[in-house]
Amino acid sequence: MVIVVYGGVKLFGTKSEKTSEPIKIGVILPLTGNAAKYGEEMKRGIELAIEKNKETPIEVFYEDSKYDAKEGVSAYQKLKNANGIQIMITAGSLVSLPISPLANNDQILQMAIAVSSPKYTTENDFTFRVTNRAEVEDKELAKFVVPLYKNIGLLYANNERGLAHYSSIKPEIEKLKGKIVAEETFLIGDIDFRTQLLKIKNKNPEAVFLLAEDKNAGMILKQAKELEIRTQFFGTRTLQSQDLISIAGKAADGVIYTDSFEYQSVDPRINKFVEKYKTQYNDNPNSFVAEGYDALDLIVKSVNECKEINTNCMKTKLSGVKDYPGILGSLTFDKNGDVYYPYFIKTIKNGQFVKYEE
């Protein structure tokens, strides 16, 4: 089993004969704030992976980044200085990017979840991630959308993740002979998007790329319907959220988005994972759950292969990972600590998230 620590307080623990010392892992997630739902899903994936590795003694120290860069860096410093952590899981480009140079300087192994920014890519160091770079997802999305819709508007969050996807989706659309007719941004704390939506409406796009977290996206879709904007909205996997459905209602129907994890897989191993998750949480897992699971599992794998907590050894072992049978698919780290796995197209139909069928 595992020792879980919140704010320095141990909740429970056990003993194992597999290693001489427990693996201490700091986990910095958005457990409150705008991205809290994603953080909770990642946390569930991590805990399922801990359960899988129950023969290995593990101590997990959770810290809340609140989806804020300063909070994330403070959490990192606390875990390093107060808890002596040498291994950390971080989430989100906004938080993981400022931590990355610190982790490399301190030789702390950093495994990132939900980090698509190309800025995270650095060669032969202590930073890894289980998320594709933004352009991998955007390339699949543009390849699907542009043949259907030529005049396209962009509406995206003015933060690290939003800018990363903007920087990749725009050239992909233009490469396929699509035309960007409108560009608007917003802040994740915004609740009124009517000004941006009206500006986009006046440009008369056939489709709008929406890069937003679930709650923002839900409000945007709802307000777009109120403004009688009937254009096709499309976006990334963050749109797969019940919070979006709760806010947008019928306005969410027809939205097209990319995804990287299919809980209805025919793979028996994935089916077993899905059933375990449904039994424990009464819900279907998504890609954020899968990333949390694979991130923790890969860390434990590298420590066990090194037979000790040695981040230089772990870095070498992880760099050599090839065709790891992850929940996300077959994972191989390249020289930059990046991975690749395919995306597919889904849509929202009657409030349900389903594969897109022409």
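How do the residues of the lining of the largest cavity divide into nonpolar, polar and charged? They divide into 10 nonpolar, 7 polar and 4 charged. In this count Ala, Val, Leu, Ile, Met, Phe, Trp, Tyr, Cys and Pro are nonpolar, Asp, Glu, Lys and Arg are charged, and the others, Gly among them, are polar.

The structure is a predicted model, in which local features need pLDDT of at least 70 and side-chain atom pairs count only at pLDDT 80 or more, whereas totals for chains, interfaces and linings use all residues. Residues are numbered from 1 along each chain as its sequence is written, and side-chain values use heavy atoms, with hydrogens and water left out.

**Cavities and pockets**

Both kinds of space are defined on a 1 Å grid over the protein atoms alone: a cavity is a set of points where a 1.4 Å probe fits but cannot get out, a pocket is an open set with protein on both sides within 12 Å along at least five of seven lines, and lining residues have an atom within 4 Å of a point. Grid points are joined across faces, edges and corners, and a volume is the space filled by probe spheres set on the points.

| Space | Volume | Lining by class |
|---|---|---|
| Largest pocket | about 420 Å³ | 6 nonpolar, 7 polar, 8 charged residues |
| Second largest pocket | about 290 Å³ | 6 nonpolar, 1 polar, 6 charged residues |
| Largest cavity | about 190 Å³ | 10 nonpolar, 7 polar, 4 charged residues |
| Second largest cavity | about 30 Å³ | 1 nonpolar, 6 polar, 3 charged residues |

The largest pocket has a volume of about 420 Å³. Its lining comprises 21 residues, and those closest to the centre are Gln240, Gln242, Asp283, Asn284 and Phe353. Helix 1 (36–52) and strand 16 (352–355) each contribute at least two lining residues to this pocket; helices (H or I, at least four residues) and strands (E, at least two) are DSSP runs numbered from the N terminus.

In the second largest pocket, 13 residues form the lining, and Lys52, Arg269, Phe273, Tyr293 and Ile327 lie nearest the centre. Two or more of these lining residues come from each of helix 1, helix 9 (268–281), helix 10 (287–306) and strand 13 (324–325). Helix 9 provides the largest share, 4 residues.

The whole structure holds 2 cavities of 30 Å³ or more. Around the largest cavity there are 21 lining residues, with Ala114, Arg161, Glu213, Thr238 and Phe288 closest to its centre. Helix 1 and helix 5 (160–175) each supply at least two residues of that lining. Residues lining the second largest cavity include Thr127, Phe128 and Asp334.

**Nonpolar cores**

A nonpolar core is a set of buried Ala, Val, Leu, Ile, Met, Phe, Trp, Tyr and Cys residues joined through side-chain atoms within 4.5 Å. Buried means under 20% relative accessible area, exposed over 50%, and partly exposed in between (1.4 Å probe, protein chains only). The largest core has 82 residues, of which Ile89 and Met111 touch the most other members. Helix 10 gives the most to this core, 11 residues. A second, separate core of 18 residues includes Phe144, Ile152, Ala207 and Ile345.

The structure has 1 disulfide, defined as a pair of cysteine sulfur atoms within 2.5 Å. It joins cysteine 306 to cysteine 313, with an S to S distance of 2.1 Å. The link is left-handed, at -100 degrees about the S-S bond. Cysteine 306 is buried, with a relative accessible area of 11%, whereas cysteine 313 is partly exposed at 23%.

Serine 100 lies in helix 3 (residues 93–106) and is buried, with a relative accessible area of 7%. Apart from neighbours within four places in sequence, serine 100 is in contact (heavy atoms within 4.5 Å) with Gln110, Tyr120 and Thr127.
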